[in-house]
Amino acid sequence: MKKPPRSKPLLRDTEAPIRSRPRRKRNPAQPQLPFDPMPERVEPVLAQLKRHPPKGNEWSWELKLDGYRLAVHIEPQGIRVLTRGGHDWTHRFPAIVEAARGLGPATMIIDGEAVVLDEEGRPDFGLLQQSLGASGRQAGSRASDAIFYAFDLIYFDGHDLRGVEYRSRRHLLDDMLNGKNGAVRLSETFDTEPAVLLEHVCHLDLEGIVGKHLDRPYRSGRTGDWVKIKCIQSEAFFIVGYEKSAASPAGFGSLVLAAYRGADLVYVGSVGTGFRQAEVIRLGKMLDKVRWKRKQPPLPYSGSADIVWVEPTLIAEIEFRAWTTDGKLRHPSYKGLRERQDNAEVFRLD
């Protein structure tokens, strides 16, 4: 009886020995991680602005949240909360830190947005900005009201998930956070047509929707893997001055705004609505400290209003409906101050 033919080894040539890739040196601060060392920081994925939602079933849709983008690091040595720009804001979100402690002992990096909800349960950027205090050095009285809505999982229990497609990262996040309703919660996804979802979102005066391609890995920057469609335009502009007003307790009636065109600042109009009383007084004190000390204004201006110019250091988040034909904001409304630590980007004109 003949012997059966010898089977060939699977996945390799008999002549070539199997060699594993050399293992990277382990971080001594993370002795229990058998696989990938935890990144010190990950540059976030940024959503690309679109006029209309892309078509196709390969997209997952959720609400665009009006807050601060954060990454929560759950590490053996404790919790870290990092801003989009990489600044450590752990001390500014005590409730989020406390809730994150309950997610251990696994190590992880969770991507999400910190918001403060108004009385109707909608994210309110102005309330969040007030809760963090004017100087950014200490948390205000409402900091404990901040909620972290998690929408992606970058690292989990020794595994770097940046090379994994979004649908799998989201599945892991769903399993981990499903049912959590404290200061760390799961950002809800919606199984509906994005155009219908956008219509409902805009009707509720929310900011817009975000779409994430289900088959893409986590690629930092504005790659088009994530898209955003806004109900109302909202951008960051420099405050370069204010118009005097005897009727205002802070001495100003509206703020003069500027954007970049190349390396130069360009006047894009003024905003006089959207201010809460406490914010007006706070802004007045901040503007007094950055008054322009030179004779010429910081940018070309041909208007007739009585302007007090200031150093272009304060960055305001402004809602507006459109642009006028002469390049000014149409129906602008003040939302709050952005901070450079949050990697605030001043709008650039094409």
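1. A residue counts as partly exposed when its relative accessible area falls between the buried class, under 20%, and the exposed class, over 50%. C231 has 24% relative accessibility, so C231 is partly exposed. C202 is partly exposed too, because its relative accessible area is 30%. Please read these values with one caution: the model is predicted.

2. Those two cysteines belong together. A disulfide is a covalent bond between the sulfur atoms of two cysteines. The structure holds one disulfide. The bond joins C202 to C231, with an S to S distance of 2.1 Å. The link of C202 and C231 is left-handed, at -90 degrees about the S-S bond.

3. What does the pair tie together?

4. Next, the pockets. Rolling a probe the size of a water molecule over the atoms shows where empty space is left. The largest pocket has a volume of about 1200 Å³. Its lining has 40 residues. Which of them lie nearest the centre of the largest pocket? They are R84, R222, K228, K230 and E235.

5. Two or more lining residues of the largest pocket come from each of β1 (48-49), β2 (59-63), β10 (208-213), β11 (226-230), β12 (233-244) and β19 (333-338). β12 gives the largest share, four residues.

6. The make-up of that lining deserves a look.

7. Which elements give two or more residues to the lining of the second largest pocket? They are α2 (125-131), β16 (315-320) and β19. The largest share, three residues, comes from β19. β19 is also listed among the elements that give two or more residues to the lining of the largest pocket.

8. By class, the second largest pocket has eleven charged, nine nonpolar and four polar residues in its lining.

Technical notes:
Residues are numbered from 1 along each chain as its sequence is written. This is a predicted model: local features need pLDDT of at least 70, side-chain atom pairs count only at pLDDT 80 or more; totals for chains, interfaces and linings use all residues. Side-chain values use heavy atoms; hydrogens and water are left out. On a 1 Å grid over the protein atoms alone, a cavity is a set of points where a 1.4 Å probe fits but cannot get out, and a pocket is an open set with protein on both sides within 12 Å along at least five of seven lines; lining residues have an atom within 4 Å of a point. Grid points are joined across faces, edges and corners, and a volume is the space filled by probe spheres set on the points. Ala, Val, Leu, Ile, Met, Phe, Trp, Tyr, Cys and Pro count as nonpolar, Asp, Glu, Lys and Arg as charged, and the others, Gly among them, as polar. A disulfide is a pair of cysteine sulfur atoms within 2.5 Å. Buried means under 20% relative accessible area, exposed over 50%, partly exposed in between (1.4 Å probe, protein chains only).
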